[in-house]
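Please consult the sequence and the structure shown below.

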Amino acid sequence: MSGDARGCAMDDGRWVGGFYPWQEDRQRFLKRARRIFERVTTNQYSVVDPETLEVERRSFKGDVIRIGAGALAWARAHPRHFLYRSMKPIDWNPP
């Protein structure tokens with residue numbers, strides 16, 4: 001199998017992809033794709049109470065959930081815009 005995208009995907013903000021040890025082309029492709037993915041997303045966010053808008057916690061270092069810049073901008077634009085029902089940008093502070 002050449003380095004194609006079969007078997008790798010975004011799933012609820014998580015990178016999912018694998019390869020067998022003999023699939024060197026696929027491994028190189030997935031590593032390149034992952035580096036791009038990590039450059040255009042972040043794993044830093046705040047978990048916010050949707051009722052009070054208070055920050056309940058900040059993301060942990062190395063969290064596997066990734067969020068794109070466009071989604072963060074949308075969530076930042078209005079106090080009632082949430083990602084995954086309760087997530088906001090890491091720098092979110094209640095209005």
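Why does T52 count as partly exposed? T52 does so because its relative accessibility is 46%, and partly exposed covers the range between buried (under 20% relative accessible area) and exposed (over 50%), with a 1.4 Å probe and protein chains only.

The model is predicted, so local features need pLDDT of at least 70 and side-chain atom pairs count only at pLDDT 80 or more, while totals for chains, interfaces and linings use all residues. Residues are numbered from 1 along each chain as its sequence is written, and side-chain values use heavy atoms, without hydrogens and water.

The chain contains two helices and seven strands, in the order β-β-α-β-β-β-β-α-β from the N terminus. These elements are DSSP runs (helices H or I, at least four residues; strands E, at least two). Of the 95 residues, 31% are buried. Among contacts (heavy atoms within 4.5 Å) between residues at least 6 apart in sequence, 44% join residues at least 24 apart.

Two residues are set out here with their places.

| Residue | Place | Relative accessibility |

T52 and P94 are separated by 42 residues in sequence, yet their C-alpha atoms are 8.3 Å apart.
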